[in-house]
Amino acid sequence: MKDLCLIINTVTKNKDVWPMFFGQIEKHVPSDLFSQKYIFVDECTDEFPSDYQVRFFDKDKMYREQFWSCVKGVPESYCVYISEDYILYDDVNATLIEQYIEALQTNRDLSFV
């Protein structure tokens, strides 16, 4: 789907769940759903899956500032936001996400679903 990205916000201290978390995304998310996938993370030398863009934030900043420093450069109009503790146990319903985007596009009073 064009103009839709996945944003994952995480911190290195939670890296023990990353293999399972990313494995479940690989298993349950259609490969063509997102035009881009991002990881927002503090300092980290671990390797992430190659189909993600990694953006680093300053761990000494407040969450709002951390998030803003990463998201302000994201060009997609729509995003699905998750943290590493949102583990997928079933397939993502891409049709439903497309319906949400359509609702956002047609009703400008909505800013998120």
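Modeller: Before we start, a residue counts as buried when its relative accessible area is under 20%. Also, this is a predicted model.

Colleague: Fine. Take threonine 10, then: buried or exposed?

Modeller: Threonine 10 has a relative accessible area of 2%, so it is buried.

Colleague: Where is threonine 10 placed?

Modeller: In the loop between strand 1 (4-9) and helix 1 (18-28).

Colleague: And which side chain is joined to that of threonine 10 by a polar contact?

Modeller: That of tryptophan 18, with a polar contact of 2.9 Å.

Colleague: What else is threonine 10 in contact with, leaving aside neighbours within four places in sequence?

Modeller: Besides Trp18, the contacts of threonine 10 are Ile39, Phe40, Val41, Asp42, Phe57 and Glu84.

Colleague: How many aromatic pairs does the structure hold?

Modeller: Seven. One of the pairs is tyrosine 63 with phenylalanine 67, and it counts as stacked because the ring centres are 6.0 Å apart and the planes are at 25°. The cut-off for stacked is planes under 30 degrees apart.

Colleague: Where do tyrosine 63 and phenylalanine 67 lie?

Modeller: Both are in helix 2 (residues 63-71). They are four residues apart, which is about one turn of the helix.

Colleague: How accessible is tyrosine 63?

Modeller: Tyrosine 63 is partly exposed, at 45% relative accessible area.

Colleague: Changing topic. How many salt bridges are there?

Modeller: The count is two salt bridges. In one of them lysine 37 pairs with aspartate 51, and the closest N and O atoms are 2.6 Å apart.

Colleague: Which parts of the chain does that pair link?

Modeller: Distant ones: lysine 37 is in strand 2 (residues 36-41), and aspartate 51 is in the loop between strand 2 and strand 3 (53-56). The two are 14 residues apart.

Colleague: Lysine 37, buried or exposed?

Modeller: Lysine 37 is buried, since its relative accessible area is 16%.

Colleague: Which residue forms a salt bridge with glutamate 43?

Modeller: Lysine 59, with the closest N and O atoms 3.1 Å apart. This pair also links distant parts of the chain, 16 residues apart. Glutamate 43 sits in the loop between strand 2 and strand 3, while lysine 59 sits in the loop between strand 3 and helix 2.

Colleague: How accessible are they? Start with glutamate 43.

Modeller: Glutamate 43 has a relative accessible area of 52%, so it is exposed. Lysine 59, at 45%, counts as partly exposed.

Colleague: What about the surface: which residues form a nonpolar patch?

Modeller: Leu96, Tyr100 and Val113, with about 270 Å² of accessible area together. Tyrosine 100 belongs to helix 3 (residues 94-106). With a relative accessible area of 37%, tyrosine 100 is partly exposed.

Colleague: Last one, isoleucine 25. Where does it lie?

Modeller: Isoleucine 25 is in helix 1. Its relative accessible area is 4%, so isoleucine 25 is buried.

Colleague: Which residues is isoleucine 25 in contact with, neighbours within four places in sequence aside?

Modeller: Leu6, Ile8, Tyr52, Ile82 and Leu88.

Notes:
Residues numbered from 1 in each chain as written. Predicted model: local features only at pLDDT ≥ 70, side-chain atom pairs only at ≥ 80, totals over all residues. Heavy atoms only, no water. Phe/Tyr/Trp six-rings, centres within 6.5 Å; stacked < 30°, edge-to-face > 60°. Buried < 20%, exposed > 50% of the residue type's maximum accessible area, 1.4 Å probe, protein only. Patch = residues over 30% accessible without salt bridge, like charges linked within 9 Å, V, L, I, M, F, W, Y side chains within 5 Å. Areas by Shrake-Rupley, 256 points an atom, 1.4 Å probe, with all protein chains shown as cover. Salt bridge = Lys/Arg side-chain N within 4 Å of Asp/Glu carboxyl O. Polar contact = N/O pair within 3.5 Å; in protein donor to acceptor, adjacent residues only side chain to side chain. Contact = heavy atoms within 4.5 Å.
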